[in-house]
Amino acid sequence: MTTSTTDTAPDAAAATQASIDAEIAGIREEYDAAGREETRPRLDYPPYRSSLLRHPTKDLHHADPEGVELVAPVFGHRDVGTTEADLTIQHGGDPVGERMVVTGRVLDADGRPVRHQLVEVWQANAAGRYIHQRDQHPAPVDPHFTGVGRCLTDAEGTYRFTTVKPGPYPWKNHRNAWRPAHIHFSLFGTEFTQRMITQMYFPGDPLFALDPIYQAIVDPRARERLVAAYDHDVTQHEWATGYRWDIVLTGTHRTPMEAEQ
Amino acid sequence: MSDPTSPRVATPGQTIGPFFGYALPVEGGEQLVPAQHPGAVRLRGTVYDGHGDPVPDALVEIWQADADGRTPTAEGSLRRDPFEFTGFGRTPVDPAGRYTFTTVAPGATAPGRAPFVAMTVFARGLLDRLLTRVYLPLDEAVLAADPFLAGVPEDRRHTLVATRDEHGFVFDVRLQGEDETVFLSHGSPA
């Protein structure tokens, strides 16, 4: 499990990028040699130092979902204001940065739309700074941007946010560690077992190969499922660039007939 | 991409990171019922890492049936009305890794099954969410007869059952180590 030489202190920032790169490459080589397809992140991914003491060491225990696990909490218009999907109008002025629309569909593994369900996002501002006390990165706070949004999916499972492109930011995993620009997404499906939180990334980010959180999804095809596509049909004339990103939740355990009710 | 019949591969999860604190927690998210509710119980615990140290940046969610075993269908889990039981709770842990919910003990949703509170755990350093169940120590015979609990190795079963103290129920989450919590997978059996 943990090697005695690995520093588990999250803020130690002791390792160099080169040594993190070597760890990432070693894990990838082992993965390629093993010939098994992984679709989820490794919970135990030592290059992401904070995972060392926070990953279960035992296999997940199989459970047939029962009771409340077969349905999801219900959210509705009472929970979400109509303007909460526009992160650029929440704080008394226009935020700085590349205005963009991010949209896509939330589907289950059988391709059914997840309708009228809550989608929550949060992100850094264009300078790579979060409105959070613990984020002391010396980049400017934008007084017009909180970086928090919510919406409900529509009848087709479509969500849509207007926001600004987040900047990359440094963190203390290792020396000179920078996160690729990303937006956090929180999702509920039609069953509580589909509950998930993930991060959406932007195409072509030069930081991908260096980032142990992104690389913790060892399979390159699985990783790419987190990268949005630039979509010129979503882009709006003289207003905003557009990105499309579809999200697939795990399959439903109910029969199709029950699910359609 | 638009073929509705082909199974798709699920989008991978990622860590919640450290900076969710201004985004996900909602006012009253830890109160499923008001403390004055006649059936109110406290469900609390601490999230621990593999060294037994508290995790200060975790988020815990619960989802449960009401006292009669009915699954809630009411909106309002974010904008709360204290008279409406929505069954959903969400709270960040405090700097000492502790969470507290005020709720009711759930009723059984099916005959012969022990009632439980479904729980999700998110944390910085945890690359994907974890799901578990909190069984309450209300009836030893019901717990002993529950088919799911019976299938959990005996030496780990206790990690799914809360304990009682003078303030209610205590359920600690151990992400790793000696008494590591049993976390669940709902996909095909491995």
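Mentor: We'll take one histidine, then the cavities, then a record annotation. Keep in mind that this is a predicted model.

Trainee: Where does A:His182 lie?
Mentor: A:His182 is in strand E8 of chain A, which covers residues 182–187.

Trainee: Buried or exposed?
Mentor: A:His182 is buried, because its relative accessible area is 2% and the cut-off for buried is under 20%.

Trainee: What does the side chain of A:His182 make a polar contact with?
Mentor: The side chain of A:Tyr169, at 3.2 Å. The A:His182 side chain also reaches the backbone oxygen of A:Pro180, at 2.8 Å.

Trainee: And which residues is A:His182 in contact with, leaving aside neighbours within four places in sequence?
Mentor: Among them are A:Gln123, A:Tyr130, A:Pro166 and A:Phe202. A:Tyr169 is in that set too.

Trainee: What lines the largest cavity?
Mentor: Residues from A and B, including A:Arg40, A:Arg195, B:Thr11 and B:Arg129. By class, that lining has four nonpolar, four polar and three charged residues.

Trainee: And the second largest cavity, which residues line that?
Mentor: A:Gly67, A:Val68, B:Ala65, B:Gly107, B:Thr109, B:Pro115 and B:Phe116. Four are nonpolar, three polar and none charged.

Trainee: Last one. What does the UniProt annotation cover in chain B?
Mentor: The unreviewed UniProt entry annotates residues 38–151 as "domain: Intradiol ring-cleavage dioxygenases". Over residues 38–151, chain B is 9% helix and 36% strand. The end C-alpha atoms of that stretch are 35 Å apart.

Conventions:
Residues are numbered from 1 along each chain as its sequence is written. Chains are lettered from A and ligands numbered from 1 in the order in which they are written. This is a predicted model: local features need pLDDT of at least 70, side-chain atom pairs count only at pLDDT 80 or more; totals for chains, interfaces and linings use all residues. Side-chain values use heavy atoms; hydrogens and water are left out. Helices (H or I, at least four residues) and strands (E, at least two) are DSSP runs, numbered from the N terminus. Buried means under 20% relative accessible area, exposed over 50%, partly exposed in between (1.4 Å probe, protein chains only). A polar contact is a pair of N or O atoms within 3.5 Å; within protein, one must be able to donate a hydrogen and the other to accept it, and residues adjacent in sequence count only if both atoms are side-chain atoms. Contact means heavy atoms within 4.5 Å. UniProt positions are given in the numbering used here, feature names are shortened, and annotations may be inferred rather than shown by experiment. On a 1 Å grid over the protein atoms alone, a cavity is a set of points where a 1.4 Å probe fits but cannot get out, and a pocket is an open set with protein on both sides within 12 Å along at least five of seven lines; lining residues have an atom within 4 Å of a point. Ala, Val, Leu, Ile, Met, Phe, Trp, Tyr, Cys and Pro count as nonpolar, Asp, Glu, Lys and Arg as charged, and the others, Gly among them, as polar.
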